[in-house]
Amino acid sequence: MAFTRRLLGHGVGLRTKHFAELLAAPPPVDWVEAISENFMTPGGRPVAVLEKVRRDVPVVLHGVALSIGSTDPLSEPYLDQLAALAHRVEPAWISDHLCWGSHGGRYAHDLWPLPYTEEALRHVVARVQHAQERLGRQILLENVSSYVAFRASEMPEWEFLAEVARRADCGILLDVNNVYVSARNHGFDPERYLAGVPADRIGQVHLAGHSDRGAYLLDTHDGEVAPAVWDLYRETVRRTGAVSTLVEWDDRVPPLERLVEESRRARAVEAELLAPGRRVA
Amino acid sequence: MTRLVELQAAFHALATRAPSPPLAAEAFLVGSRELSAAERAGIYADMYGWRLADALREDYPKLASLLGDARFLALAGAYARAHPPDRPDLGQHGRHLPRFLRRLPAPERADLGDLAALEWARAEVFFEAPATAAAHASLAALGPAAFPDTSIVLVPALRVLALDHDVAALWRRLEAGEAAGAAVAAPTAVVVWRAGLDVFHAVVELDEARALRLARAGRPVSAICAAFADREDPAAAAFAALASWLDEGWVAAFRLPAAPGERA
């Protein structure tokens with residue numbers, strides 16, 4: 001059982017606000033991440049833009065509705081649609097979140113954290129294996145930001161994530177901002193989280209902005225990456241070496257140029273750390 | 001599995017503000033000095049409401065602008081309680097809103113359901129499959145003998161709406177930022193379609209709408225023409241309508257009747 005990291009470089013999310021620019025010229029980044037559910041339609045502008053962008057640069061699919069941790073049955077129609085989209089787009093990889101968001105046939109359209117128990121672990125692992133068989137490929141699972149923790153949890157989140165990846169033989173999409181937000185909200189050391197995640201399973205990194213609501217941090221994706229998150233990204237790259245990195249900016253979306261600037265900053269951080277003579281653990 | 005199921009049921013109830021949650025937040029969630037377990041669950045409950053309201057606002061921008069933020073949020077909340085999302089695609093959440101508005105026991109405006117129907121049709125055709133429109137030449141090529149029995153295949157990105165109010169005029173006023181008085185109550189037919197990547201709609205005569213629905217149902221040209229029976233010259237009206245359908249790109253193909261012994 002192994003996971004092979006593919007290096008795409010530095011990318012940004014494909015967002016409606018930038019569609020006109022992306023139809024007019026190739027994206028000024030190495031690759032683009034598309035939210036899977038936004039493109040599971042037979043036609044329309046989003047599909048046209050995705051097909052155009054796919055001709056220009058590699059695309060990865062990032063889902064928000066797989067609900068891999070839910071006790072509801074996995075949605076087979078959803079997996080069919082995802083498989084069909086993957087067949088059409090040929091993404092470099094497919095990712096979703098280590099969370100749940102549906103119960104009793106009702107979808108919350110949110111990324112709810114799991115209780116980190118052995119029972120939940122076995123449940124998630126079986127479902128990841130099923131999804132991977134259906135899609136014919138390894139998937140990557142992203143750690144979510146959270147505001148609640150379950151009293152029933154038997155292990156820290158990073159241990160749960162590492163065990164899911166090991167037992168299901170899947171990859172990890174490490175959202176560094178989510179690590180930071182959850183660390184602040186639950187009072188754990190974010191570097192301890194990074195140390196607990198197997199670096200060789202990390203296939204992609206997310207960076208994003210968050211908002212300080214006083215008593216807690218909210219994962220808002222509506223601004224630039226915070227200094228503390230850049231520090232954590234440096235620590236991540238020290239552990240992983242070069243890793244495909246994407247900046248998410250989903251609310252109050254800036255002009256494409258500003259988003260690309262944030263992505264270039266990530267590239268510069270990585271280049272500085274991986275310059276010849278710098279040793280990476 | 002029992003424990004995980006129970007925890008998810010309890011959290012789902014709190015995060016969607018269900019009326020009778022099986023467990024209090026403190027019973028199964030960790031609180032802290034800064035933020036109690038209930039306050040933490042409340043963060044998710046707030047996000048649930050906002051997210052669903054945002055999804056509705058995206059599909060119903062004119063309705064949202066007509067109602068204003070507070071009334072639209074209240075409507076979104078009432079709608080979510082009546083129709084909690086049941087599909088992985090958040091874009092499908094709003095599909096029951098026109099019917100929900102029409103069935104409200106005491107609606108503040110009778111035309112809101114029709115306005116919502118128009119907006120939902122516009123959202124639907126935006127995502128429909130593309131199709132190549134048939135050319136006028138393909139009509140000419142049919143020949144007069146086969147014509148009456150030929151059926152017309154309409155493009156997927158086309159909807160024919162039967163409404164009780166002229167909400168097309170209301171939509172236009174909202175688009176222009178003008179005062180949105182009530183829409184005129186009158187049977188109104190509206191066609192919504194996509195050309196390239198742009199969505200359009202237009203009011204059509206009621207008999208033409210009937211003809212389009214017959215075409216959609218796969219009826220032959222002879223039956224479609226009968227929809228114009230009340231016109232002074234039904235054949236000319238039918239032909240003019242068909243020509244305009246071709247002009248607008250609403251026709252994907254003409255299907256000739258199957259020959260005897262041939263599989264249709």
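## Burial in chain B

What percentage of the 264 residues in chain B is buried? In this predicted model, buried residues account for 36% of them.

Confidence first: chain B has an average pLDDT of 94, and 97% of the residues come in at 70 or above. For the complex, the predictor reports an ipTM of 0.95 alongside a pTM of 0.93.

## How chain B is laid out

Chain B holds 11 helices and 5 strands.

As for overall dimensions, the C-alpha trace of chain B runs about 85 × 50 × 30 Å along its principal axes. The radius of gyration of chain B is 25 Å, whereas a compact globule of 264 residues would come out near 18 Å. Looking at contacts in chain B between residues at least 6 apart in sequence, 61% link residues at least 24 apart.

## Where chain A meets chain B

Chain A brings 34 residues to the contact and chain B brings 37 residues. On the chain A side, the elements that supply two or more residues are helix H2 (45-56), strand S5 (100-103), strand S6 (106-112) and helix H4 (118-135). The top contributor there is S6(A), with 6 residues.

Notes. Residues are numbered from 1 along each chain as its sequence is written. Chains are lettered from A and ligands numbered from 1 in the order in which they are written. This is a predicted model: local features need pLDDT of at least 70, side-chain atom pairs count only at pLDDT 80 or more; totals for chains, interfaces and linings use all residues. Two residues are in contact if their C-beta atoms, placed from the backbone, lie within 7 Å. Helices (H or I, at least four residues) and strands (E, at least two) are DSSP runs, numbered from the N terminus. pLDDT is the predictor's confidence in each residue, from 0 to 100. The radius of gyration is taken over C-alpha atoms; the globule rule is 2.2 Å times the number of residues to the power 0.38. A residue is buried if 20 or more other C-beta atoms lie within 10 Å of its own, exposed if 12 or fewer, and partly exposed in between; C-beta atoms are placed from the backbone.
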